[in-house]
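Here is my note on the model that you asked me to look through. Please read the numbered points beside the sequence and the 3D view.

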Amino acid sequence: MKAITKQKSFRKTWRFNLDEENFIKKSLVGRSLNVCCGKSRLGNIRVDLDEKHNPDLVCDYFHLPYKQCEFNTVIFDPPFQDFWKLGLNHALQKIGKLASKRFIVKGYLFIAHIQGFDLPDIEIFYEPNKKLKILQIYNRIPESLNEYV
């Protein structure tokens, strides 16, 4: 009997364009974590599965070694070709818990309810002949922090 393993493939050249990066820089609050950072230099701590990007920590977003609310801001730019198959809502809920103030998600148009956060502010970036790029900024509801203290 053959063992079945799941292969994870991740886009190797992921990065924000200049407008997106400037917008995210202005949106950062306090100590920040950039999950699936790719070539982006944003974030005090950068995490990526591809060590060629020189992240601070090489690991995937399912095995992050951080505690809930350990960062003020968490940036998450998931590899969407696998993200939908591997569980959008589960990953958003899990990674969102790492942020004490703000959770920034890049992706296509989806609005998720992330426990402990308001509905997102949305910024749309458009380049001719390319897909729309959407940044969603979720702000934590202060009362929700009580469950982590």
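1. A contact here means heavy atoms within 4.5 Å. In the protein chain, residues 24 or more positions apart account for 59% of the contacts with a separation of 6 or more.

2. Please keep in mind that this is a predicted model, in which local features need pLDDT of at least 70 and side-chain atom pairs count only at pLDDT 80 or more, while totals for chains, interfaces and linings use all residues. Residues are numbered from 1 along each chain as its sequence is written, and side-chain values use heavy atoms, with hydrogens and water left out.

3. The protein chain has three helices and seven strands, where helices (H or I, at least four residues) and strands (E, at least two) are DSSP runs numbered from the N terminus. Read from the N terminus on, the elements follow the order α-β-β-β-β-α-α-β-β-β.

4. The seven strands form an open sheet with mixed pairing, in the order β3-β2-β1-β4-β5-β7-β6; two strands pair if DSSP finds at least two bridges between them. At the edges are β3 (57–58) and β6 (121–125), each of which pairs on one side only.

5. Within the sheet, strand β5 (residues 99–107) and strand β7 (residues 133–139) pair in the antiparallel sense over six bridges, and Lys106 stands opposite Leu135 in β7. Helix α1 (residues 18–27) packs on the sheet, where it touches β4 (71–76), β5, β6 and β7, and its direction makes about 5 degrees with that of β7. Helix α3 (residues 88–96) also packs on the sheet, touching β1 (32–35), β4 and β5, and its direction makes about 145 degrees with that of β5. For these angles, which run from 0 to 180 degrees between N-to-C directions, axes are lines fitted to C-alpha atoms, for helices over the stretch in contact.

6. Of the 149 residues of the protein chain, 47% count as buried, that is, under 20% relative accessible area with a 1.4 Å probe, protein chains only.

7. A nonpolar core is a set of buried Ala, Val, Leu, Ile, Met, Phe, Trp, Tyr and Cys residues joined through side-chain atoms within 4.5 Å. The largest has 23 residues, of which Val35, Tyr61, Val74, Phe76, Leu92, Ile95 and Phe103 touch the most other members. β1, β4, α3 and β5 each supply at least two residues of this core, and the largest share, four residues, comes from α3. Apart from this core lies another, of nine residues, among them Phe16, Ile24, Leu42 and Ile75.

Terms used: Buried means under 20% relative accessible area, exposed over 50%, partly exposed in between (1.4 Å probe, protein chains only).
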